[in-house]
Amino acid sequence: MSTSKILLQMYDAMRARFGHQNWWPADGALEVCVGAILTQNTNWTNVQKAIANLKAAGCMSIEGLCSLAHEELAELIRPAGYFNVKAKRLKNFIMHVRADWDEIDAFLDRPVDTLREELLTVNGVGPETADSMILYAAGKATFVVDAYTARIFLRHGVISPEDEYESIKELCESHIPEDVDLWGDYHAQLVAVGKSYCKPKARCTGCPLEPFPHDLDDEWG
DNA sequence: GACCAGGCACATC
DNA sequence: GATGTGCATGGT
């Protein structure tokens, strides 16, 4: 079976199990961008606490974030972990935006390639964070690859162990029809599978992807 | 108590 | 270029 057909059938199976995920869960583009940085290597429930703190402090805005001292910002986002690192990254991002733009929507409303290239120059914004911002905040077509994506696709033989971010992204973009809603929900479905079934060092049971080829030899010998 | 979570930058070889 | 390490909270 072709890769395209496998990927689409995997989506159908996940979607049938979980329903449309309506990602990204956030109130506005800026909150998506903030969440994208806060969720780096971190459980989303911790990120939600940090976002709630920022909102309660009235700082979920470009000016609000700019007004905070490093220590204040770090304290507000403490629940998300890596709070000193992430405070710097949030500042880097927000100062970069504010240098040339008054509104986050204007910053985001540019061609994907231009935006992605620029986002990657911001210290603390790597490929996954940039793609999350482009897809879910800007609403433009780019595929988000994360640890779940790589693990699930590896276990199902769609990619090989040496594949890295850009090659996995390219595979998805070339085999899944370009559609912002589909790409966004595909990634969200993979996260749903990853959270519930496809864990490290554990065989999956009851996973909606079980009917698909599943080669675990590389991980379990 | 160990493991894991929607990464990224930087040091070192 | 490849590999290793620091960053940190909170849930299971």
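**Entry 1: α2 and α9.** I looked up how helix α2 (residues 29-38) sits against helix α9 (residues 127-137) in this predicted model. The two pack at an angle of about 160°, and their axes are 9 Å apart. Angles over 145 degrees count as roughly antiparallel, so α2 is roughly antiparallel to α9. I noted the crossing of α2 past α9 as right-handed. Next I listed the residues that make the contact. From α2 they are A29, V32, C33, A36 and I37, and from α9 they are T129, S132, M133, Y136 and A137. Sorted by class, the residues of this contact are eight nonpolar and two polar, with no charged ones.

**Entry 2: α2 and α3.** I then turned to α2 and α3, whose axes come within 10 Å and cross at roughly 135°. α2 and α3 are therefore oblique to each other. The crossing of α2 past α3 is right-handed. On the α2 side I found E31, V34, G35 and L38 in the contact, and on the α3 side V47, A50, I51 and L54. I sorted the residues of the contact of α2 with α3 into six nonpolar, one polar and one charged.

**Entry 3: DNA strand C.** Which residues are around DNA strand C? I wrote down N41, T42, N43, T45, N46, R78, P79, G81, Y82, F83, N84 and V85. The elements giving two or more residues to this surface are α3 (44-56) and α6 (83-100). α6 supplies the largest share, three residues. By class I recorded four nonpolar, seven polar and one charged for the surface near DNA strand C.

Technical notes
Residues numbered from 1 in each chain as written. Chains lettered and ligands numbered in written order. Predicted model: local features only at pLDDT ≥ 70, side-chain atom pairs only at ≥ 80, totals over all residues. Axes fitted to C-alpha atoms, helices over the stretch in contact; angles between N-to-C directions. Helix = DSSP H or I, 4+ residues; strand = E, 2+ residues; numbered from the N terminus. Parallel < 35°, antiparallel > 145°, perpendicular 65-115°, else oblique. Left-handed = near helix turned anticlockwise from the far one by under 90°. Contact = placed C-beta atoms within 7 Å. Nonpolar A, V, L, I, M, F, W, Y, C, P; charged D, E, K, R; others polar. Near = placed C-beta within 6 Å.
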